[in-house]
Amino acid sequence: MNGSNPKSDFVQVNGISLHYLDWGGSGPTLIFLTGMGSSAYIFNKFAPRFTDRFRVLALTRRGHGDSDCPETGYDPDTLVDDIRQFMDAVNIEKAVLAGHSLAGVELTHFAGTHPERVEKLVYLDALDDRRRERTIMEQNPLKDVQIPREESAPPRTFEEYIANVKRDVPEFAAIWSGLWDEEFSHGVIVNEEGIYVDRMPASVGKMIVENLIKDYTPKRVDAVIPILYVIGNRKRKLSNDYSEEQKAAYEKFDLDVREPFFWSVIAEFQGRFPHAKVIVIPGGHHYCFIAHDELVHAE
């Protein structure tokens, strides 16, 4: 039960089944929480590095991967209760919680709701307050620019589905490995027409965006909990599909708007958590625990 062959199992919480992976290990418990769209398998290369000092697990959120996908329960209170009940089910009283991306909301909300169950918090490029982000991105001069792409047939094999992902999401393709093939295999289904599609229904994705991204106000955390906050200062690299004029406009936006906003996000977080240790990765990838695994592991 270590390496990249963890125990795969399910627990019953709040009337649904949630999937989790357990890499074993000894010491305090470390639980990884996923970003939007990801399953516990996304940590299958990074998590085993900690089994020398922790018991290591990763939980797949409702609506994701192999977990059940109910029509409701995508609000912060229910998602945090899912985590609490998961901990109860596997006899964990207190844990270090490490969350990626969207899980930043769950980290803060869990710490504000059940501080006695939290040992430490690790934010892996995980924002817990995205309310201002929409206003900033509205100023992006390329927000409405569509790059023409050749029409491709709907994917009827898993290989075709993966090829489309690599084409459409270059930042995934840049750090692709067998890990991603395994991860995506738990996030797709074959519909009645024999086409590979996302397992998560669009309606669930919309609820998550509404409840955890657009309208979420971070819960107050009164307990002083040790925090590590790792964030990448990402700079978008534009392809030659864009004109020189478009590139220049984006460069100005990046310098005058996005960069100051990035540092304001860190300042706001440290205003709420002045004791947090913040690690900024220049040009860092959103999946920092994959692209910068050595650095993140060391921290």
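Let's start with a strand pair. Strand β5, residues 95-100, runs parallel to β6 over 6 bridges. Strands here are DSSP runs of E with at least two residues, helices are runs of H or I with at least four, and both are numbered from the N terminus. Two strands count as paired if DSSP finds at least two bridges between them. In this pair, G99 stands opposite Y123 of β6.

A word on the source. This is a predicted model, where local features need pLDDT of at least 70, side-chain atom pairs count only at pLDDT 80 or more, and totals for chains, interfaces and linings use all residues. Residues are numbered from 1 along each chain as its sequence is written, and side-chain values use heavy atoms, with hydrogens and water left out.

Back to β6. Why is β6 described as largely enclosed by the rest of the structure? Because 5 of its 7 residues, in the run 118-124, are buried. Buried means under 20% relative accessible area, exposed means over 50%, and partly exposed lies in between, with a 1.4 Å probe and protein chains only.

Next, K94. K94 sits in the loop between α1 (76-89) and β5. Its relative accessible area is 39%, so K94 is partly exposed. Beyond neighbours within four places in sequence, K94 contacts T29, M87, E116, R117, V118 and E119. Contact means heavy atoms within 4.5 Å. P282 is 188 residues from K94 along the chain, and their C-alpha atoms are 33 Å apart.

Now H19. Is H19 buried or exposed? H19 is buried, at 0% relative accessibility. H19 belongs to strand β2, residues 16-24. Setting aside residues up to four places away in sequence, H19 touches S8, D9, F10, A40, Y41, A58, L59, T60, D66 and S67.

Now the whole chain. The protein chain has 10 helices and 10 strands. Its C-alpha trace spans about 55 × 50 × 35 Å along the principal axes. The radius of gyration is 19 Å, which agrees with the value near 19 Å for a compact globule of 299 residues. That radius is taken over C-alpha atoms, and the globule rule is 2.2 Å times the number of residues to the power 0.38.

Buried residues make up 49% of the 299. Among contacts with a separation of 6 or more, 71% join residues 24 or more positions apart.

Last, charge. The mean positions of the 34 positive and 47 negative charges are 4 Å apart. Lys and Arg count as positive, Asp and Glu as negative; His and the chain ends are not counted. Each charge is placed at NZ of Lys, CZ of Arg, CG of Asp or CD of Glu.
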